[in-house]
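Thanks for making time this morning.

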Amino acid sequence: DNDRRRILEDELKSEEEQLGIVRNSISQEQQNPQLIAAVRVAQQTADPSAAQLAEFRANIDRASGRIRGLQATAAEHEKNIEALRKELGALKP
């Protein structure tokens, strides 16, 4: 049981570290200058052409797609952490 506990604790620590890295990446991506610039240009352009709208949408979609991917990865780490904590809680002390 001690070996199993140690393995689970190591896995938990690793998942928590990975979650921290992913959350940091999400924060950085949300502050991405390219995303901010794309949103600003889209907001400030009066009567944009169809080509401009397509470009704005593509730039914003590209950045938001990266954010959604990172959020999915974070959710997976959170799920793993919850499962590991549950498993650790079920072990006899």
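**A histidine and its surroundings**

The side chain of His 77 makes a polar contact with the side chain of Glu 15, at 2.6 Å, where a polar contact is a pair of N or O atoms within 3.5 Å, one of which, within protein, must be able to donate a hydrogen and the other to accept it, residues adjacent in sequence counting only if both atoms are side-chain atoms. Before I go on, please keep in mind that this is a predicted model, in which local features need pLDDT of at least 70 and side-chain atom pairs count only at pLDDT 80 or more, while totals for chains, interfaces and linings use all residues. Residues are numbered from 1 along each chain as its sequence is written, and side-chain values use heavy atoms, with hydrogens and water left out.

His 77 lies in helix α3, helices being DSSP runs of H or I with at least four residues, numbered from the N terminus. Is His 77 buried or exposed? His 77 counts as buried because its relative accessibility is 14%, the cut-offs being under 20% relative accessible area for buried, over 50% for exposed and partly exposed in between, with a 1.4 Å probe and protein chains only. Leaving aside neighbours within four places in sequence, His 77 is in contact, meaning heavy atoms within 4.5 Å, with Glu 15, Gln 18, Leu 19 and Val 22.

Turning to the helix as a whole, the buried residues of α3, among them Phe 56, Ala 63, Ile 67 and Leu 88, pack against α1 (2–30) and α2.

As for the partner helix, Leu 35, Ala 38, Val 39, Val 41 and Ala 42 in α2 meet Phe 56, Asn 59, Ile 60, Ala 63 and Ile 67 in α3.

Most residues other than glycine have a negative phi. Asp 47 is also exposed, because its relative accessible area is 74%.

Notes: Helix = DSSP H or I, 4+ residues; strand = E, 2+ residues; numbered from the N terminus.
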